[in-house]
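Colleague: I am new to this structure and would be grateful for a guided discussion of it. May I put some questions to you?

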Amino acid sequence: MKSLKYFFLLYFNLFVSHAVFCQKETIFNDFVEIKKDTLGKQYHFFVSKYAVSVQDYQDYLKFLGLKLPEPPPDYGWYNKNLPLAIISYTDFLSYTYWLTDFYRVKFRALTNQEWTIAAANQENPMQKLSLSQPAEVNFIRPNKYGISGMNGNVWEWTSTLKDNEYNIIRGGSFMESMHPDSLNVYKTSAIHASLKLTDVGFRVAMDVKEMKKLRFANKVEKLLQKLFPEYTNIGVEPDALYLNDGEISWKQKEDIVKIDYKEMKLNFCCVEYNSDIKNKIESKTIPFYFAEEHINIVKELEKLINNRDLTIFE
């Protein structure tokens, strides 16, 4: 229920909303959709355009009250736009859990097969820039999907295991041979999940339904802000709508929004509250009055919410 969960989210968002990987208003531009049939199996997912940078990871550590790993790589942590390295797979997972808490949708690592598909069989190897440090995450020419750095900048973790013990890493790194053929999307190795190497980084992915939930919540939030900009007791998350001290789950099968044209009000049902009786939940309808000039926005909101795809919330 909202009492603790909502205020945690409010505090969390206020604390990091000014500086966090893939800000909520730009996250849709920072991920690309991949859809491909391979050997009779359909792959459909979203992946970040860039590897996680030093700045991205530092924002995460600041929230936890931590600092960047010590000792730093030989090239230091000064350039915040370099890919984050010296990170174990376990640390990588912790980062995805943090993103999941912030956005309320699940982030994860790519599988080895997904990584191969996202790399798009890019034939052109990365031009060797330096043996001393990687290039910035957005410097390298993107592939046909718009993804940068998969053809050799830092190795990237995948979730796929080899011999049930070692995580497969892909792509090669700046520390490889000066010969450009050593920097390509076909480079594969495997290391233990606990290792923290100077040239191993990562990028994040998510399932399609998670992105759909995020987009849905974003659209709802924008419409509510247009209608009720003065209200501070409305919260929109990919899993629920928070009104006053109550919560409406998007899983609810019944219509959530009903327009009362006579009274010019928007009724939200059914908002669940913790009652005074222990472990008992009460449901209420919450009205919000709107101006007549906003009737088209109200209709758009009603259609969006009541026609939502329930399968993505399962």
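Colleague: Which residues are linked in a network of salt bridges?

Modeller: The model is a predicted one. A search of the whole structure finds 5 salt bridges. In one of them the side chains of Arg108 and Glu114 meet, with an N to O distance of 2.8 Å, and both of these residues are buried. The network of salt bridges links Arg108, Glu114 and Asp207.

Colleague: How many residues apart in sequence are the parts that Glu156 and Arg203 tie together?

Modeller: The side chains of Glu156 and Arg203 meet in a salt bridge at 2.7 Å, N to O. Both residues are buried. Because Glu156 lies in strand β3 and Arg203 in the loop between β6 (200–201) and β7 (205–207), the pair ties together parts whose separation in sequence is 47 residues.

Colleague: By about how much of the helix are Glu210 and Lys213 separated?

Modeller: The side chains of Glu210 and Lys213 form a salt bridge (3.4 Å, N to O), and both residues are buried. They are 3 residues apart in helix α6, so their separation is about one helical turn.

Colleague: Is Ile147 buried or exposed?

Modeller: Ile147 is found in the loop between α5 (112–119) and β3 (155–162). Leaving aside residues up to four places away in sequence, Ile147 touches Val32, Ile34, Val47, Ser48, Lys49, Ala118, Pro142 and Arg203. The C-alpha atoms of Ile147 and Lys49 are separated by 4.3 Å, although the two residues are 98 residues apart along the chain. Since buried means under 20% relative accessible area, the value of 1% for Ile147 makes this residue buried.

Colleague: Which element gives the largest share of the largest nonpolar core?

Modeller: Of the 40 residues in this core, Tyr57, Tyr95, Phe107, Trp157, Phe202 and Val204 touch the most other members. The elements that give two or more residues to the core are α3 (54–64), α4 (89–103), β3 and α6 (208–227). The largest share, 7 residues, comes from α4.

Colleague: How many residues does the other core, which lies apart from it, hold?

Modeller: Leu243, Leu266, Ile297 and Val298 are among the members of this other core. The number of its residues is 30.

Colleague: What is the handedness of the disulfide of Cys269 and Cys270?

Modeller: The structure holds 1 disulfide, which joins Cys269 to Cys270 with an S to S distance of 2.2 Å. Cys270 is partly exposed, with a relative accessible area of 29%. The torsion about the S-S bond is about 55°, so the disulfide is right-handed.

Key. Residues numbered from 1 in each chain as written. Predicted model: local features only at pLDDT ≥ 70, side-chain atom pairs only at ≥ 80, totals over all residues. Heavy atoms only, no water. Helix = DSSP H or I, 4+ residues; strand = E, 2+ residues; numbered from the N terminus. Buried < 20%, exposed > 50% of the residue type's maximum accessible area, 1.4 Å probe, protein only. Contact = heavy atoms within 4.5 Å. Disulfide = S-S within 2.5 Å. Core = buried A, V, L, I, M, F, W, Y, C linked by side-chain atoms within 4.5 Å. Salt bridge = Lys/Arg side-chain N within 4 Å of Asp/Glu carboxyl O.
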